[in-house]
Amino acid sequence: MKFKAFVVAASAIVLTACSTSGSTNAGGSDSLVVGLTYAPKTLNPDYAYDPANYFIMDNIYSRLVNYGYDDEVHGDLARNWQKSADGLTYTFHLRSGVKWSDGKPLTSADVMWTAKSIIKEKGYGAAALAGVSAVTAPDAQTVVMKLAQPNSSFLDQLAQRYGWVVLPQHVFDGTDVTSNPANKKPVGSGPFVVTSFTPGSHVELKANPGYFGGAPKTKALSFRFFSSPDAAVTALQSHEIQFIANAPNYASVPTLKKAAGITVETAAATPPTDVWLGFNLARKPLNDLKVRTAIAQALDPGEINDLVYGGTKKVSGTVYDPSSRDYDASARQPAHDVAAANALLDQAGYPKKSGTRFSLTYTGFTASLAGAQQIGEVLKQQLAKVGIGLKVENYDFSIFADKIMQQHDFDITWSGGPHGPDPQTFANYVKTGGNRNAMRYSDPEVDRLFDEAAKSSDASVRSQDYRKIQQIVAKDLPRYTLFQWNYQFAYDSRYSGFWWQNTTGDLPADDYAQVTASG
Amino acid sequence: MLRYSLIRVGQAVPTLVFLVLMTFLVVRLAPGDPAYALAGDNASPQYIEQIRHQYGLGQPLLGQLGAYFRRLFSGDLGMSYSFQEPVTTVISGRIGASLQLVACGLLLGIGGGTLLGAYASRAAGTVREAVLNVVGLTLYSIPIFWLGLLLVYFLAIQAHWLPAGGQYSFPRPTGAAAVGDGLRHLVLPTVALALYTFPVYYRLTRARMSAVMTEEYIRTARAIGFGERRVFFRHGLRNALLPVLTMAGLTLGQSLGGALLTEAVFSWPGLGTLMAGAIGQRDLPLIMGVFEVVAVAVVLATIATDVLYAVVDPRVRLT
């Protein structure tokens with residue numbers, strides 16, 4: 001019968017396609033495919049903020065100075081530098097013989113042009129250059145930056161992880177920099193050269209054999225963008241990718257730990273990153289210090305860590321990150337004590353009426369990597385023990401950000417961000433008008449200490465200032481620090497040489513130049 | 001014929017305007033500020049304001065709508081926030097992958113469903129027909145999303161036979177290897193999409209064939225002495241295919257919707273993953289652009305089916 005023949009033939013085609021395929025591509029020994037659940041809009045971090053570029057840009061570009069995984073400032077294009085006695089002039093000496101990926105030489109003119117262009121375009125890195133009054137290039141290998149007033153954080157600000165890579169003047173000068181085609185087909189001086197970029201899908205790069213830091217061990221590097229964390233995990237399990245750059249979601253970590261050929265390792269976030277609960281100080285009863293103190297006493301961050309993050313985060317009990325400079329271990333937040341919390345709330349004038357004193361709202365967001373959604377549920381149970389009702393609301397991230405930062409419509413919220421290594425970073429969160437100060441905390445003494453520390457060239461004065469700030473914030477509790485963030489990285493077990501495994505510490509995070517595969 | 005076609009196209013215009021209007025309103029009235037999603041967690045208020053100005057988000061709703069319709073007529077779907085490219089450029093870069101998937105999935109689903117349906121009608125009352133019926137009904141009841149995940153789990157993660165997702169391997173193979181690599185990546189999403197359309201055509205063809213084969217002209221054809229194969233294909237199947245044709249037009253539209261889900265499961269870089277990413281980024285122009293392109297495709301496919309049906313069956317034009 002003809003049909004039978006056709007049906008057999010049709011099934012045969014499908015089956016052949018399956019069976020002839022053999023095993024799926026597992027990347028060559030000198031190639032690496034990295035999964036990412038963000039997709040960058042462009043490959044130029046200097047003119048627009050785009051979180052996906054954190055994971056990619058250090059492979060394409062170089063900076064003047066950067067942070068290594070050890071959280072110290074290292075020279076990148078700058079071989080070394082001097083600071084003048086008055087702290088107002090920084091002279092950077094560049095490496096010689098550095099070339100752009102199009103073969104043209106990289107000189108001090110490129111660095112100078114990039115700095116001026118970032119300031120002009122108000123790019124994300126412009127904040128780092130805000131105090132710069134003049135940039136000059138006295139010769140091809142020297143860049144001089146003059147500051148209007150001393151800034152002890154200047155080098156740290158230049159080394160900050162986002163928005164300050166050196167761009168080629170000969171490609172960008174005289175063009176509309178934000179729409180220049182090189183934003184998508186970059187000319188860089190980093191360890192890899194982009195060969196193709198399909199927005200929303202992938203970036204392909206090949207090793208730059210002439211890279212000033214030595215030719216990368218990985219010959220071909222690709223980033224694949226996934227629309228969901230689960231899709232990235234699936235691709236890792238089937239060995240189509242070898243690493244997930246922004247870490248797998250928590251729910252999949254137990255599965256990945258058991259999976260054959262996949263290694264899961266914990267690595268500290270760099271720069272140090274903390275997670276905290278912010279209190280809306282403009283609202284009653286959170287404007288009452290006694291209420292905030294009682295909430296802090298009611299909280300058990302250890303339990304939250306166990307239930308939400310499988311116990312993988314570090315709980316310090318202090319207000320600041322222990323791995324940051326000028327950390328004060330004595331700036332401790334109130335210890336977990338339910339009885340004391342109940343007593344304090346009684347004293348503050350919020351007696352229990354049929355089991356509840358008052359109700360608050362917790363505002364979180366739904367991205368699974370952060371755990372903000374799950375934290376709300378644990379908080380609800382912990383606060384119930386002291387008679388505080390908690391309504392848990394979770395939103396899509398952009399709605400969440402709008403509610404918190406623009407509308408200030410929250411009682412308690414989840415927040416996370418870098419805490420160092422430069423302690424001045426803390427000003428973003430607790431200085432009056434700080435761009436991440438959603439609590440709208442304002443303390444004149446804290447503001448004064450931040451300003452004094454920024455201007456002082458005396459390390460001991462700065463250290464004292466920053467420690468005082470930590471003490472004040474630990475008592476005032478505009479926010480409650482929950483944990484120090486880290487990542488549960490999952491990768492193909494044949495690979496090694498990731499930044500957190502590098503012993504010298506000068507490799508920046510998300511730099512894949514040293515990654516190699518065995519066998 | 002031309003008049004009929006023009007009337008059908010004319011009737012589609014209000015539908016399209018309504019669709020565009022609905023998309024615009026639903027997306028704009030949703031809570032959340034797209035300027036925030038664009039500027040990022042660490043951005044300064046000045047930077048966010050700059051973004052808002054740049055994309056005209058500060059204008060009143062009616063002003064935004066008027067401007068949108070004006071641009072739409074000139075074929076300009078706006079700039080995608082998240083790609084910083086014209087929406088038309090972004091969509092045209094992705095639509096090929098979606099069409100490839102839909103074409104392969106439909107070919108396999110409609111072709112397989114029709115042939116097996118015809119076969120089942122021949123095998124009426126046998127165990128083979130019963131088995132096919134159970135398979136057909138089961139597939140009809142399974143959500144495509146779940147089916148896709150099962151395929152990935154068994155064939156990609158466990159057996160390592162086929163890639164779990166994507167359109168090609170990295171680093172990209174070249175030459176003949178690239179063709180083989182592309183085909184291997186196409187297998188799972190095509191099968192998932194085909195299994196979604198297959199049961200509909202299986203059931204339709206089986207029912208139609210059973211009815212057609214009892215018609216008098218079949219008896220006549222047999223009486224004339226035509227061979228059984230010729231009677232079955234030329235007299236039977238050809239007539240049974242008329243409703244299949246109608247259905248195919250509608251399925252084309254539905255499949256685009258089905259393909260959006262399939263793409264999400266298999267990370268297929270087409271309009272579906274584009275849409276998912278656009279929603280996550282609150283990329284309004286892109287969300288609306290994809291929606292409108294899909295809506296237009298569905299409406300056009302429906303018109304094409306109507307016209308095609310009128311060509312095949314002249315009675316339609318008279319009503």
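**Rings, burial and a helix pair in a predicted model**

Me: Which residues do ring pairs link into a cluster?
Reply: Ring pairs link Phe223(A), Phe243(A), Tyr487(A), Phe489(A), Tyr491(A), Phe498(A), Trp499(A), Trp500(A) and Tyr512(A) into a cluster. Rings of Phe, Tyr and Trp (its six-membered ring) pair if their centres lie within 6.5 Å, and planes under 30 degrees apart count as stacked, over 60 as edge-to-face and the rest as tilted. This is a predicted model, in which local features need pLDDT of at least 70 and side-chain atom pairs count only at pLDDT 80 or more, while totals for chains, interfaces and linings use all residues. Side-chain values use heavy atoms, without hydrogens and water, residues are numbered from 1 along each chain as its sequence is written, and chains are lettered from A in the order in which they are written.

Me: How many aromatic pairs are there over all chains, and why is the pair of Tyr487(A) and Phe489(A) called stacked?
Reply: A search of the whole structure gives 34 aromatic pairs over all chains. The ring centres of Tyr487(A) and Phe489(A) are 5.2 Å apart and their planes lie at 20°, so the pair is stacked.

Me: What makes Phe489(A) count as buried, and why is Tyr487(A) called partly exposed?
Reply: Buried means under 20% relative accessible area, exposed over 50%, and partly exposed in between (1.4 Å probe, protein chains only). Phe489(A) has 3% relative accessibility and therefore counts as buried, whereas Tyr487(A), with a relative accessible area of 28%, is partly exposed.

Me: Is Asp492(A) buried or exposed, and with which residues is Asp492(A) in contact?
Reply: Asp492(A), which has its place in strand β18 (residues 486-492) of chain A, has a relative accessible area of 2% and is therefore buried. Leaving aside neighbours within four places in sequence, Asp492(A) is in contact (heavy atoms within 4.5 Å) with Leu236(A), His239(A), Gln242(A) and Gly261(A).

Me: Why are α9(B) and α10(B) called roughly antiparallel?
Reply: The axes of helix α9 (residues 216-224) and helix α10 (residues 228-266), both of chain B, come within 10 Å and cross at roughly 160°. Angles under 35 degrees count as roughly parallel, over 145 as roughly antiparallel, 65 to 115 as roughly perpendicular and the rest as oblique, and α9(B) and α10(B) are therefore roughly antiparallel to each other. The contact is made by Tyr217(B), Ile218(B), Ala221(B) and Arg222(B) of α9(B) and by Glu228(B), Val231(B), His235(B), Gly236(B) and Asn239(B) of α10(B).

Key
Axes fitted to C-alpha atoms, helices over the stretch in contact; angles between N-to-C directions. Helix = DSSP H or I, 4+ residues; strand = E, 2+ residues; numbered from the N terminus.
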